[in-house]
Every structure is written in structure tokens, then in C-alpha cells.
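Hello,

Here is the structure I promised to pass on to you. My notes on the disulfides and one of the strands follow below.

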Amino acid sequence: MKRFWVLIGFLCMAGSAVADSQLRAFQTVDDSRGWEAVGRLDFGTRSFCTGTLISETLVLTAAHCMYDTQTHVPHRPQNITFKAGWRNGFAQALRSARAIYVHPEFSLSMDNRHDRLENDLALVELESPVHTASVRPFETSVRPRNGQEVGVVSYALDRSESPSMQKICHVVARQGGVLVTSCDVDFGSSGAPVFDMSGATPRIVSVISAKAKFQGSKVAVSTALDGTLAELMRLVARGKRQADAGAASGAEPPVPGVKAPQYLAGQTAP
């Protein structure tokens, strides 16, 4: 673990000369056109995360979003609402959840932080398909190489009513199923899609899990989709929904010079 975070710090400093783009808020219909499949996942009135349609009925997000931010009790599907393209009080499509599928190797009580981050992936199955012409699910792809440009679209506490895009940020480290990028994220960005922007259409390559710091440099930690998403899709095919599992995260000794990663579910009410 120590070697992993030292690697992050080294690569962040080495890549600091490469310019990232600034966050751009989606304020108009034109701004958000083509990105409507990214939406806000609301958990009652207490918290929210970012999620993305990868089919007409499945929303990709982070596994830790499926637990209450304070009690760590699993959310119930009936308390989850997906708001596709949510912007300033209006959604392109609004759906309730039917089922939750959490990666079987994810647990909030897992001692190894890297393993938690590597498996921090979940799917929310919607009660009914999203057939709206303006909402087109995104395809997924394998994790990008070190140094590659990626982009992210996310909600956060200071932009909970309208998402923002960072079109250019960079992969600064990879280890196993964990990616570290220079993307700008905050609480509420958990589950946000990280896109490979190099092709004709953006493809999701990872999902935001946490943020961290090394010697003053902010980094975003995300879960790659390689293999992990395929396992989740098998759970969906078998109808194996989330069990009432998961507990408070165990304490871990800090790595010198590195602030521990913080999960990024956002709270909408005290």
C-alpha cells in the first residue's frame, strides 16, 4: 500500500506540467446535449451520487454510494431515484430503482483500502427503461494508459443542480483495477463516469470513487471497469441483488505525506 501511494505522489509531481482543462458547468440545453445519460442518483432526501446509463435500464455508479453516508446501512431500491440529465430542476428522464447490484468483492469493512477501491462498482436497475430519444446510454471500454487524456462529467456539493464537465484531465497512475487521475472531483462526484475521449464517441473507462492529496496535489481515484463490470453484469443476469452486508470502514494507519482517500457521496440534507 505504501508503495502504491508513493507512486501516486511521484507521478502527480512528474505530470504537473501537463495542463488540464477547467470545469465547465452545463447551464443550457446545448451545453448538456449528448451527455444526458449522466444523471444524479438521489437516496431519499439525504444524499446523492453521480450515475450513468450504460443501457436503457442499468445505471453505473460506485458501490459505496449504495450505503448510507452516516450509518453505512445499505440503501433500499425504493428509496433511490435516478434523474437523467438533471439540470436546474428538470430531468430528461426520471426513474425509480428496481434493484441494486454491488460488486461481490466490495465491502466497506474491508481492511485493504486498495481492494475496496478496486471493486467500488455497482449497478442500479431501473423500474422501467429510459426510451427518451435525447438520452443515449454510453458504451464502456478498457482502462486507459498512463498519461492518457480523459474527461469526467459529475455532480458535486457546489454543483448539485447542474453537472460540470472537465474535458481534459490525465491518468497519472494505474495499479490493478485502480486509476489515479488529475480530474477535479468533490463530494457528490462518487460514481461519476471517467471517459476516454479519444474516439468518435466518449466511452466510460472508470468510475470515480474517492479523492486524495499528496503534497498539496489533488488527485481523483477511480475504479476501472476491466473485469469488474463483467462480474456485475453476470450478477444482473442471475438476478443476484445486493445483500444486507457492509459495515463501517476499519481504521488504517496513514501513509506518510498522503492524506487518506475520502469517498465522495454528497449530502443533500443535514
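Is the link of C169 and C183 left-handed or right-handed? The link is right-handed, with 70° about the S-S bond. This disulfide has an S to S distance of 2.0 Å, a disulfide being a pair of cysteine sulfur atoms within 2.5 Å. C169 sits in strand 10 (residues 164–175) and C183 in the loop between strand 11 (178–181) and strand 12 (193–196), 14 residues apart. Both C169 and C183 are buried (under 20% relative accessible area; exposed is over 50%, partly exposed in between, with a 1.4 Å probe and protein chains only).

Before going on, please note that this is a predicted model, where local features need pLDDT of at least 70 and side-chain atom pairs count only at pLDDT 80 or more, while totals for chains, interfaces and linings use all residues. Residues are numbered from 1 along each chain as its sequence is written, and side-chain values use heavy atoms, without hydrogens and water.

C49 and C65 make a left-handed link, at -95° about the S-S bond. C49 is buried at 0% relative accessibility, and C65 is buried at 1%.

Now to strand 2 (residues 38–43), where six of six residues are buried; strands are DSSP runs of E, at least two residues, numbered from the N terminus. Strand 2 pairs antiparallel with strand 3 (residues 47–53) over six bridges, pairing requiring at least two DSSP bridges. Five bridges also join strand 2 to strand 5 (residues 80–84), again antiparallel.

Best wishes

Methods:
Helix = DSSP H or I, 4+ residues; strand = E, 2+ residues; numbered from the N terminus.
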